[in-house]
Amino acid sequence: MGGCMALLFSQHAWRTKRLATESDNAPAARSKAAAQEGTAQTRGSMQPRQQNVTCYRGFSGCVAVAPMVTVDTPAAHVLAIMKVVARLFPLRALPSFVSSELSDEATWKDPATIAWHINFDSWGCPGGLGWGRPMRWGSAAALIEMSAVLCSLLRDTNGNGGDNDSSDSGGGGGSGSSGMGVEGCALNFGRSLEPFPVLLIHDPKDQITQYKGSKLVLDRSRARLKELVDVHGGMHDLMCTSSRLIADATLAFVDKAENQKA
């Protein structure tokens, strides 16, 4: 979930930075770009807010670790029911027949690490960040919508997206759990992936998030600098199992990005 959020934030930040630069350098070009991305009625909402521009100008790229890009979505009628239930009971836990709990063994490979997370990093423990419980309806709906929005940005020139690009997916043209929907999100994120530098780090056999999603981002990204680092045997929580590798890969990527600027 964090990797998907990082990619969507990067999309927003790079797009805001681009529109701000166009506004500074060529007002006419900015107006043309706004006209291409929306109607005259919505142009104002697409312009970057002045208070956000300063922090976004320094944005230089994204590092996404085991990002959730594609998800397996149910049939359209089941998805419609899920969205209704998520609106009515967002804090209720999903029943086991809808979603099984994630396996600790699919996240960490060290039994001692698994025991530590169960005992000290579970919801309710002081400082605990782990959930350790069945997913809530609201969270499931939000994850599906996030994936749908990201996959809509990854469609190629023929309109083909990832595995979610179908009428049965969260991105099939319907509205998402928040009511905004993919078309509404286009006002904030645009209609194609911005060419921001991106480093993807993923275990090809990750059982929690799909590796093919990272491959899709790599294939569809228009960035001059883009990389996918495979961490074989790292499992899902790479920040825990492969922190040194992630640090080294990130530093090397940052050096490449800085050299590219020069």
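Of the 262 residues in the protein chain of this predicted model, 40% count as buried. The chain holds 11 helices and three strands. Starting at the N terminus, these elements follow one another as α-α-α-α-β-α-α-α-α-β-α-β-α-α. If you look at contacts between residues at least 6 apart in sequence, 78% join residues at least 24 apart.

Let us begin with the helices and how they pack. Two packed helices are described by the angle between their axes and the distance between the axes. Take helix 1 and helix 7 to start with: their axes come within 10 Å and cross at roughly 50 degrees. That angle makes helix 1 oblique to helix 7, and the crossing of the two is left-handed. On the side of helix 1, the contact is made by Cys4, Met5, Leu7, Leu8 and Gln11. Helix 7 answers with Met146, Ser147, Val149, Leu150 and Leu153.

Helix 7, which spans residues 137-153, also meets helix 5, made of residues 76-88. Here the axes come within 8 Å and cross at roughly 130 degrees. Helix 5 is therefore oblique to helix 7, and this crossing is left-handed. From helix 5, Leu79, Met82, Val85 and Ala86 take part, and they meet Trp137, Gly138, Ala141 and Ile144 of helix 7.

Helix 1 has another partner to look at, namely helix 9. The buried residues of helix 9, which covers residues 211-220, are Tyr211, Gly213, Ser214, Leu216, Val217 and Leu218. They pack against helix 1, and also against strand 2 (198-202) and strand 3 (226-230).

Now turn to the aromatic rings. A pair of aromatic rings is described by the distance of the centres and the angle of the planes. How many aromatic pairs does a search of the whole structure find? There are four aromatic pairs. In one of them, the rings of phenylalanine 9 and phenylalanine 59 have centres 6.2 Å apart and planes at 85 degrees; planes over 60 degrees apart count as edge-to-face, so this pair is edge-to-face. The pair links distant parts of the chain, as phenylalanine 9 belongs to helix 1 (residues 2-25), while phenylalanine 59 lies in the loop between helix 4 (50-57) and strand 1 (62-65), 50 residues apart.

Are these two residues buried or exposed? Phenylalanine 59 has a relative accessible area of 13%, so phenylalanine 59 is buried. Phenylalanine 9, at 43% relative accessibility, counts as partly exposed.

Finally, follow the chain to helix 11, residues 243-261, where you will find glutamine 260. With 33% relative accessibility, glutamine 260 counts as partly exposed. Which residues is glutamine 260 in contact with, leaving aside its neighbours within four places in sequence? They are Arg224 and Leu225. Leucine 225 is 35 residues from glutamine 260 in sequence, and the two are 8.4 Å apart in space, C-alpha to C-alpha.

Key:
Residues are numbered from 1 along each chain as its sequence is written. This is a predicted model: local features need pLDDT of at least 70, side-chain atom pairs count only at pLDDT 80 or more; totals for chains, interfaces and linings use all residues. Side-chain values use heavy atoms; hydrogens and water are left out. Rings of Phe, Tyr and Trp (its six-membered ring) pair if their centres lie within 6.5 Å; planes under 30 degrees apart count as stacked, over 60 as edge-to-face and the rest as tilted. Helices (H or I, at least four residues) and strands (E, at least two) are DSSP runs, numbered from the N terminus. Buried means under 20% relative accessible area, exposed over 50%, partly exposed in between (1.4 Å probe, protein chains only). Axes are lines fitted to C-alpha atoms, for helices over the stretch in contact, and angles run from 0 to 180 degrees between N-to-C directions. Angles under 35 degrees count as roughly parallel, over 145 as roughly antiparallel, 65 to 115 as roughly perpendicular and the rest as oblique. A crossing is left-handed if the near helix is turned anticlockwise from the far one by less than a right angle, and right-handed if clockwise. Contact means heavy atoms within 4.5 Å.
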